[in-house]
Amino acid sequence: MFVLYETPAGYAIFKLLDEKKLQEIDNLYLEFESPEKANKVVKLKHFEKFADTTEALSAATAAVEGKLSKSLKKTLKKLVSDDVQNQLLVADAKLGSAIKDKLALQCVSNTAVQELMRCIRSQSESLLSGLPKKEMAAMALGLAHSLSRYKLKFSPDKIDTMIVQAQCLLDDLDKELNNYMMRAREWYGWHFPELGKILTDNIAFIKTIKLVGTRDNMATTDLSDILPEELEEKVKEAAEISMGTEISEEDILNIQNLCDEILSINEYRTHLYDYLKTRMMAMAPNLTVLVGETIGARLIAHAGSLVNLAKHPASTVQILGAEKALFRALKTKKDTPKYGIIFHASLIGSASAKNKGKISRSLAAKASLATRVDAFGEDVTMELGTEHRAKLEMRLRMLEEGNLSRLSGTGKAKAKLEKYHSKSEVKVFKAGEDSTLPIGKKRKLTEADEDEEKVEIPKIKEEPSDESAGQDGSSKKKKKKKQKEMVDEQIIKKIKTEDDEPTSEKKKKKKRVSESATAEEMESSLVVEEQTTITTPKSEKKKKKKVKEENA
């Protein structure tokens, strides 16, 4: 029966000399009180030493995951070839099952084996000759560090947990500073209420209180290091006519102690912000260039880590921090939010209200690309972030000016940019519209202009002639003269008709009135004739009767 004992230096395989000792677990530690007694229970058979730290790390990670490493597999193959029927005592049950599957070697792991391992560990220095205790401790420490780095994927430059903690601490410090400032303003306001209205800057307010104390000392103290000349004069004038109550020196001491506390917290906050800025530039330079240090740190803190933030799509990055508003909008079937934490970025702040949604969407898309490069890229620089920021600034400028154009080759087509040209209309005076005489309804106002513009030239058909070439030339000249004469006559006629238009229109009206009267007379005569035609047959019958009566 063999025992597999794992050390930072390598694998040790002991042979159990007395198997009956395992049955007596309660008294087993007595057998390992001294090195001599321990050598009587177990004996070192083989020791497989690791070549370097990488081999030790691979073996340790394999043991943690319950897998069989290459070095252990080689040593156990020799053991199996020598003694096939022997059993192997293993501390880890998962490792024992892996050995059993690969090498068909019986493995035992129970409470008795755990107790035996504990006893071997107590006398490991004497059982493993050639390995002093100091070297074993150094090897154990180095292996533990390398294993923890492997498990946590540790990198000194990329510690996103430090950024998360620093950003959370910054937010807490801001809240505390606001509370302390409020308390100091309210406390000192009982003594000098006008000072709070004059000095809006909190740090300047606190420094003046600490330096001056009571308002009686305001006239004698020099505030040029803290305040500009105009504010200093206003403060001194207000101190002379202040309506505040008098307070004791003990009260002023307590207020000044509060001022010291506020100044120390503010100084620590500036140091913490510088630390966060350097960490963000080391870990996520592209994201920092795009959205800034505080917004980038808040995005990482909200997602949990930089890798988690890189896994989010751009639509999720856009509304990170606005989850309550999102679910409220989905529940009430209203418009979803356009931005979350990313709203405080400088690019969105510089955009107008109507363009904030568009810029936040494009900024979230670029930020998601930047986080993926920062999280998974090697030898990361800030070139990508600066390039994307320049594109976003150009897009914002285009949106603010009202022009749209594509930023890269991925656009479908360029937007057509048409410049504004002022079109001035030149109105022409129309002589035909200057008449005050009544005009017929059917006649259009533009008839005279159209007649002037369009002058029809009558076409004269050429008749075929059988005369000689000389006669043809003379006939052509005659035809041209006739055409000119005809055109001149038509122009003269049109001018005359334009001059006689008012009189002709009156005559036309008279003719229309006379025609309508004659038409009415004709209709009445026709009615009379029809009535007469209806009555004629009866009169004829009467006449015939009279004639017959006279003849009789």
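Modeller: We will go through the sheet, the salt bridges and the charged patches in turn.

Modeller: This is a predicted model, in which local features need pLDDT of at least 70, side-chain atom pairs count only at pLDDT 80 or more, and totals for chains, interfaces and linings use all residues. Residues are numbered from 1 along each chain as its sequence is written, and side-chain values use heavy atoms, with hydrogens and water left out.

Colleague: What makes β1 and β2 a pair of strands?

Modeller: Strands (E, at least two residues) and helices (H or I, at least four) are DSSP runs, numbered from the N terminus. Two strands pair if DSSP finds at least two bridges between them. Strand β1 (residues 2-6) and β2 are joined by 5 bridges, so they pass, and they run antiparallel. A hairpin of 3 residues connects β1 to β2.

Colleague: What makes β1 and β4 count as paired?

Modeller: There are 2 bridges between β1 and strand β4 (residues 88-89), and these strands are parallel. At least two are needed, so the pair qualifies. Phe-2 faces Leu-88 in β4.

Colleague: What is the order of the strands in the open sheet?

Modeller: The order is β3-β2-β1-β4-β5, 5 strands with mixed pairing. β3 and β5 (107-108) are at the edges because each has a single partner strand, so one side of each has no neighbour in the sheet.

Colleague: Why is β2 called mostly covered?

Modeller: Buried means under 20% relative accessible area, exposed means over 50%, and partly exposed lies in between (1.4 Å probe, protein chains only). In strand β2 (residues 10-16), 6 of the 7 residues are buried.

Colleague: Why is Cys-107 called partly exposed?

Modeller: Cys-107 has a relative accessible area of 23%, so the label is partly exposed. This residue belongs to strand β5. The C-alpha atoms of Cys-107 and Val-3 are 9.7 Å apart, although 104 residues separate them along the chain.

Colleague: What makes Arg-118 and Glu-115 a salt bridge?

Modeller: A salt bridge needs a side-chain nitrogen of Lys or Arg within 4 Å of a carboxyl oxygen of Asp or Glu. Here the N to O distance is 2.5 Å, so Arg-118 and Glu-115 qualify. They sit 3 residues apart in helix α5 (residues 111-122), which means about one helical turn between them. Glu-115 has 19%, so Glu-115 is buried. Arg-118 has 45%, so Arg-118 is partly exposed.

Colleague: How many salt bridges are found in the whole structure?

Modeller: The search finds 10. One of them joins Asp-171 and Arg-298, at 3.3 Å from N to O. That pair links distant parts of the chain: Asp-171 is in helix α8 (residues 160-189) and Arg-298 is in helix α14 (residues 293-303), 127 residues apart. Asp-171 has 24% relative accessibility, so Asp-171 is partly exposed. Arg-298 has 30%, so Arg-298 is partly exposed too.

Colleague: How do you know that Glu-232 and Lys-236 form a salt bridge?

Modeller: Their closest N and O atoms are 3.2 Å apart, and the limit is 4 Å, so the pair counts. Both lie in helix α11, 4 residues apart, about one turn of the helix. Glu-232 is buried because its relative accessible area is 10%. Lys-236 reaches 23%, so Lys-236 is partly exposed.

Colleague: Which residues gather in the patch of negative charge?

Modeller: Glu-229, Glu-230, Glu-233, Glu-237 and Glu-240 do, on the surface. A patch takes residues with over 30% relative accessible area and no salt bridge; like charges are joined within 9 Å, and nonpolar side chains (Val, Leu, Ile, Met, Phe, Trp, Tyr) within 5 Å. Glu-230 lies in helix α11 (residues 229-240).

Colleague: Why is Glu-230 called exposed?

Modeller: Glu-230 has 65% relative accessibility, so Glu-230 counts as exposed.

Colleague: Where is Lys-354?

Modeller: Lys-354 is in the loop between α18 (346-350) and α19 (356-376). Lys-354 is exposed because its relative accessibility is 69%. Lys-338, Lys-354, Lys-358 and Arg-361 gather in a surface patch of positive charge.

Key:
Areas by Shrake-Rupley, 256 points an atom, 1.4 Å probe, with all protein chains shown as cover. Lys, Arg positive; Asp, Glu negative; His and termini not counted. Charge placed at Lys NZ, Arg CZ, Asp CG, Glu CD.
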